[in-house]
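Dear colleague,

Please find the structure below, handed over for your study. The findings follow directly after it.

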Amino acid sequence: EEAEAALLASVDSQRFGGRPIRRALEAQVENPIASLLISGSLTAGGTVRVMVEDGKVVVRDRVASSAA
């Protein structure tokens, strides 16, 4: 819920509709997940954790974030 609120707060959906939300979701969630997959840190069927750190949405591999 905190990550969702931070993501929505980062866009101006009142003026531009859903497109800025889609772009923010892609930039802040989908692209980091793709990077984890490409780097091999996350495998198919793995789990990620989307959270807020220092006011920014971050994506972490669930295994790596629980080991920390």
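In helix H1, the buried residues are Ala-3, Ala-6 and Leu-7; buried means under 20% relative accessible area, exposed means over 50%, and partly exposed lies in between, with a 1.4 Å probe and protein chains only. Because these residues cover an arc of only 100° around the axis, they are on the same side of H1; the arc is that of the directions from the helix axis to the C-beta atoms. The face turned away from this buried side carries the exposed residues Glu-4 and Ala-9. The helices (H or I, at least four residues) and strands (E, at least two) named here are DSSP runs, numbered from the N terminus.

Please note that this is a predicted model, in which local features need pLDDT of at least 70, side-chain atom pairs count only at pLDDT 80 or more, and totals for chains, interfaces and linings use all residues. Residues are numbered from 1 along each chain as its sequence is written, and side-chain values use heavy atoms, with hydrogens and water left out.

What do the buried residues of H1 pack against? They pack against H3, E1 and E2, where contact means heavy atoms within 4.5 Å. Leu-7 is in contact with Ala-24, Leu-25, Gln-28 and Val-57, leaving aside its neighbours within four places in sequence.

Leu-7 also belongs to the largest nonpolar core, which has 9 residues: Ala-6, Leu-7, Val-11, Ala-24, Val-29, Leu-36, Leu-42, Val-57 and Val-59. Such a core is a set of buried Ala, Val, Leu, Ile, Met, Phe, Trp, Tyr and Cys residues joined through side-chain atoms within 4.5 Å. Two or more residues of this core are given by each of helix H1 (2-9), helix H3 (19-39) and E2. The largest share, 3 residues, comes from H3.

Strand E1 (residues 48-53) pairs with strand E2 (residues 56-61) in the antiparallel sense, over 6 bridges; two strands pair if DSSP finds at least two bridges between them. Val-48 stands opposite Asp-61 in E2, and Met-51 has Val-58 of E2 as its bridge partner. Together, E1 and E2 form a hairpin with 2 residues between them. Asp-54, in the turn, has a positive phi of about 55°.

How many salt bridges are there? The count comes to 2, a salt bridge being a side-chain nitrogen of Lys or Arg within 4 Å of a carboxyl oxygen of Asp or Glu. One of them joins Arg-22 and Glu-30, with the closest N and O atoms 2.8 Å apart. Arg-22 is partly exposed at 42% relative accessibility, and Glu-30 is partly exposed at 34%. Another joins Glu-53 and Arg-60, with the closest N and O atoms 2.9 Å apart. Glu-53 counts as partly exposed at 32% relative accessibility, and Arg-60 counts as partly exposed at 34%.

Finally, Glu-1 is placed in the segment before H1. Is Glu-1 buried or exposed? Glu-1 is exposed, because its relative accessible area is 85%. The C-alpha atoms of Glu-1 and Gly-46 are separated by 21 Å, and the two residues are 45 residues apart along the chain.

Yours sincerely
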